[in-house]
Amino acid sequence: MVDYLYDGSFEGFLTCIYDHYYKEKASGIFSSENYQPSMLNLFIEVETDGEKASKVYTAIETKISPYDLQRIYRVFLSSIDNREALLLNYIRLGFKEGSKISLLHGNPYVSPVEKAEKKVTFEVHRLFGLLRFSVLESGILYAVIDPDHDILEFLADHFSDRYKNDPFIIHDQRRNKALVAQSGQWYITDFTEKTLPRLSKNEKEYRALWKEYFQSIAIKERTNPRCQKNFMPVRYWKHLTEI
């Protein structure tokens, strides 16, 4: 058995799964960027192969289920430790059990993947409500996020549908990339604040009005900080206009 190192992409991960079945069994799959070599472990750097990745993608979709393919992709984009090892075990079990794997909630290979997927899904739904846009000089809407997981792609359809007539940028500050959308179409690209236009002249006024509205609708006697933090965790506050 050998450790497989890959380039960090989903296609690269699926290529490792292919080699696990058709070459040498993987003792682990790791991003080459974060791998710590050991004298006790052999490793191979796997070159991403689109054809191999496509075959594994199709095999998961047909032999396990389309639902589980989506689950695997969501967990792959999580920041969970050892996500590749968790997914390797899940996929191996899935090829044995088929679509019923998603019903094996107590299975030690299924449970951690379920929990990881819930964390990703929960953060996506939180940001549906906590995202705040500002208006740039060019008229483009701009929002900053710093999510735990790599979820830009999962925000795309929701906000593209809501803002079909308004071009917008959602900037993932932690990963230096952004979701750019216009007229219902979107793409994800590398992005830093150096390329960002300035805020519009009226933006400060809009922010002041929003803060005033937020304060005016609050009922002081019914303020519940603990409940507020449950629905709006403190780690998101730095990007909330009203806070």
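## Basis of the description

Residues are numbered from 1 along each chain as its sequence is written, and side-chain values use heavy atoms, with hydrogens and water left out. Local features need pLDDT of at least 70 in this predicted model, side-chain atom pairs count only at pLDDT 80 or more, and totals for chains, interfaces and linings use all residues.

## Overall make-up

The protein chain has eight helices and eight strands. Helices (H or I, at least four residues) and strands (E, at least two) are DSSP runs, numbered from the N terminus. Along the principal axes, the C-alpha atoms of the protein chain fill a box of roughly 65 × 40 × 40 Å.

Of the 243 residues of the protein chain, 41% count as buried. Buried means under 20% relative accessible area, exposed means over 50%, and partly exposed lies in between, with a 1.4 Å probe and protein chains only.

## Aromatic rings

A pair of aromatic rings is described by the distance of the centres and the angle of the planes. Rings of Phe, Tyr and Trp (its six-membered ring) pair if their centres lie within 6.5 Å; planes under 30 degrees apart count as stacked, over 60 as edge-to-face and the rest as tilted. By this rule there are 17 aromatic pairs. In one of them, the ring centres of Phe10 and Tyr73 are 4.9 Å apart and the planes stand at 65°, so the pair is edge-to-face. This pair links distant parts of the chain, as Phe10 belongs to helix 1 (residues 10-22) and Tyr73 to helix 3 (residues 66-76), 63 residues apart. Phe10 is buried, with a relative accessible area of 9%, whereas Tyr73 is partly exposed at 22%.

Both residues belong to a cluster in which ring pairs link Tyr6, Phe10, Phe13, Tyr73, Phe76 and Phe154. Arg83 lies over the face of Phe76, at 4.4 Å from the ring centre. A charge sits over a ring if NZ of Lys or CZ of Arg is within 6 Å of the ring centre and within 35 degrees of the ring normal.

## Pockets

On a 1 Å grid over the protein atoms alone, a pocket is an open set of points with protein on both sides within 12 Å along at least five of seven lines, while a cavity is a set where a 1.4 Å probe fits but cannot get out; lining residues have an atom within 4 Å of a point. Grid points are joined across faces, edges and corners, and a volume is the space filled by probe spheres set on the points.

The largest pocket holds about 540 Å³ of space. Its lining has 18 residues, of which Gly8, Ser31, Asn34, Arg83 and Glu84 lie nearest its centre. Strand 2 (26-31) and helix 4 (83-97) each supply at least two lining residues. This lining divides into six nonpolar, seven polar and five charged residues. Here Ala, Val, Leu, Ile, Met, Phe, Trp, Tyr, Cys and Pro count as nonpolar, Asp, Glu, Lys and Arg as charged, and the others, Gly among them, as polar.

The second largest pocket has a volume of about 320 Å³. Among the residues that line it are Phe214, Ile217, Arg222 and Phe231. Helix 7 (203-217) and helix 8 (225-231) are the elements that give two or more residues to this lining, and helix 8 gives the most, with three. The lining comprises seven nonpolar, three polar and one charged residue.

The buried residues of helix 6 (residues 152-162) are Leu152, Leu155, Ala156, Phe159 and Ser160. They cover an arc of only 125° around the axis, which puts them on the same side of helix 6. The arc is that of the directions from the helix axis to the C-beta atoms. On the other side of helix 6, Asp157 and Asp161 are exposed.

Asn82, in the loop between helix 3 and helix 4, has a positive phi near 55° although it is not glycine. Asn82 is exposed, with a relative accessible area of 53%. Ser183, in the loop between strand 7 (177-182) and strand 8 (185-190), has a positive phi of about 55° and is not a glycine either. Ser183 is exposed, with a relative accessible area of 54%.
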